[in-house]
Amino acid sequence: MAQAKPAAILDVDGTLVDTNYQHALAWYRAFRQHGVVLPIWRIHRHIGMGGDQLVAALVSEEWDAEHGEDVRAAEKALYMSLIVEVEPLEGARELIADLREAGHPVVLASSAKPDEVDHYLDLLDARGLVDGWTTSGDVEQTKPEPDLVAAAVEKAGGGKAVMVGDSTWDCESAKRAGLKTIGVLMGGFSERELLDAGAECVFDSLVALRRDLAQTPLG
């Protein structure tokens with residue numbers, strides 16, 4: 001009996017849709033509205049971490065306890081004003097189709113809010129292609145905690161799975177959940193950063209990943 005193919009657990013922001021810099025700008029503006037000015041490059045290094053983790057990581061747990069909910073609400077509104085500019089990354093839908101055709105269950109592992117994930121599913125025209133998806137509402141703690149990846153694996157039916165992601169936080173979350181990660185560079189993290197965070201291999205585009213998929217843990 002043929003061994004079941006591992007599930008493909010695909011990050012969304014910065015991996016399938018080009019959102020990381022819009023999120024960095026929205027967080028910058030949200031913090032600034034609340035009296036904290038942070039270098040945007042520092043914010044960018046935390047994109048991919050869930051909003052429940054990001055505020056404390058960038059400022060402090062004490063500040064998060066007092067202002068975190070307000071800043072998260074502000075970032076949400078600011079980002080939604082930019083979401084109309086978001087486009088799928090080249091090869092995103094085709095990668096999902098390739099994986100499904102090869103027999104891999106596919107689940108999108110997003111820590112975004114449900115309405116954002118709905119927008120991305122529409123952008124990618126992916127509802128009929130994927131086996132499921134996660135949102136921030138599925139777990140108590142988002143990346144780099146393993147909960148979101150574990151929830152995505154469960155939606156894929158359990159068993160073996162491989163993560164595809166653009167951030168060090170994807171790699172860390174997958175590692176804690178016991179998954180290998182294929183890294184991609186479109187979110188702005190370097191190849192060295194992704195490899196150091198645990199990625200098995202790194203590609204500079206989804207087009208390159210599709211071309212060399214057989215040489216990856218999803219091969």
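## Aromatic contacts and pockets

Phe31 is buried, with a relative accessible area of 0%, where buried means under 20%, exposed over 50% and partly exposed in between (1.4 Å probe, protein chains only). This is a predicted model, in which local features need pLDDT of at least 70, side-chain atom pairs count only at pLDDT 80 or more, and totals for chains, interfaces and linings use all residues. Residues are numbered from 1 along each chain as its sequence is written, and side-chain values use heavy atoms, without hydrogens and water.

Two aromatic pairs are found in a search of the whole structure; rings of Phe, Tyr and Trp (its six-membered ring) pair if their centres lie within 6.5 Å, with planes under 30 degrees apart counted as stacked, over 60 as edge-to-face and the rest as tilted. The rings of Phe31 and Trp63 have centres 5.9 Å apart and planes at 40°, so this pair is tilted. Trp63 is also buried, at 14% relative accessible area. Ring pairs join Trp27, Phe31 and Trp63 into a cluster.

The pockets were located on a 1 Å grid over the protein atoms alone: a pocket is an open set of points where a 1.4 Å probe fits, with protein on both sides within 12 Å along at least five of seven lines, and lining residues have an atom within 4 Å of a point. A volume is the space filled by probe spheres set on the points, which are joined across faces, edges and corners.

| Pocket | Volume | Lining |
|---|---|---|
| Largest | about 520 Å³ | 30 residues |

Met49, Gly50, Gly51, Ser111 and Ala112 lie nearest the centre of the largest pocket.
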